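User: Hello, I am new to this one and would like a friendly tour. Could you show it to me first?

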Amino acid sequence: MLESLPPTRNRGFHEFFPAATDDALDLIRNLLHFNPNKRLTIEQTLRHPYVSQFHNPEDEPNCPYTVRIPIDDNHKFSIREYRERLYADISKRKKEIRRKQLAARGYYH
């Protein structure tokens with residue numbers, strides 16, 4: 001899909017966000033790395049100076065696994081299609097969880 005994009009000239013984030021502070025631009029730069037292994041983790045992001053005032057480790061749950069969105073990255077969808085696919089997946093997972101809970105209580109065999 002990336003091959004289909006036209007070439008563009010490199011521009012700095014300050015050009016797109018001229019009123020942004022240096023901390024804001026640094027956060028954007030670190031969140032938008034193309035390589036996901038170079039992007040900030042959520043823990044690193046919460047400690048970043050731009051958002052650190054909102055960080056409260058005592059009141060932040062931690063997810064013990066990596067969240068994976070089951071949508072093919074090699075296919076371009078419209079916003080509506082992404083929304084519908086995500087909603088369908090969430091709905092399916094909630095029904096599976098509910099079914100397991102009811103089975104554990106003896107409502108399903």
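Analyst: Happy to. R80 and E84 form a salt bridge, a term for a side-chain nitrogen of Lys or Arg within 4 Å of a carboxyl oxygen of Asp or Glu. As background, this is a predicted model in which local features need pLDDT of at least 70 and side-chain atom pairs count only at pLDDT 80 or more, while totals for chains, interfaces and linings use all residues. Residues are numbered from 1 along each chain as its sequence is written, and side-chain values use heavy atoms, with hydrogens and water left out.

User: How far apart are the closest N and O atoms of R80 and E84, and which helix holds both residues?

Analyst: The closest N and O atoms of this pair are 3.8 Å apart. The two residues sit 4 places apart, about one turn of the helix. Helices here are DSSP runs of H or I with at least four residues, and strands are runs of E with at least two, numbered from the N terminus. The helix that holds both R80 and E84 is α4.

User: Is R80 buried or exposed?

Analyst: Buried means under 20% relative accessible area, exposed over 50%, and partly exposed in between, with a 1.4 Å probe and protein chains only. E84, at 46%, counts as partly exposed. R80 has a relative accessible area of 60%, so R80 is exposed.

User: Why do R93 and D89 lie about one helical turn apart?

Analyst: Their side chains meet in a salt bridge, 2.9 Å from N to O. An α-helix has 3.6 residues a turn, so residues three or four places apart point the same way. R93 and D89 are separated by about one helical turn because they are 4 residues apart in helix α4.

User: What span should helix α4 have?

Analyst: The expected span of a helix is 1.5 Å times one less than its number of residues. Helix α4 covers residues 79-104, which makes 26 residues.

User: How many salt bridges does the structure hold, and what is the N to O distance for D26 and R29?

Analyst: The structure holds 4 salt bridges. D26 and R29 are 3 residues apart in helix α2, so about one helical turn separates them. D26 is partly exposed at 30%, and R29 is partly exposed at 41%. The N to O distance in their salt bridge is 3.9 Å.

User: Which elements do the buried residues of α2 pack against?

Analyst: Helix α2 runs over residues 22-31, and its buried residues are A24, L25, L27 and N30. Contact means heavy atoms within 4.5 Å. The elements they pack against are α1 and α3.

User: What kind of aromatic pair do F77 and Y82 form?

Analyst: The structure holds 1 aromatic pair. Its rings, F77 and Y82, lie 5.3 Å apart centre to centre, with 80° between the planes. Rings of Phe, Tyr and Trp (its six-membered ring) pair if their centres lie within 6.5 Å; planes under 30 degrees apart count as stacked, over 60 as edge-to-face and the rest as tilted. F77 is buried at 12%, Y82 is partly exposed at 30%, and the pair is edge-to-face.
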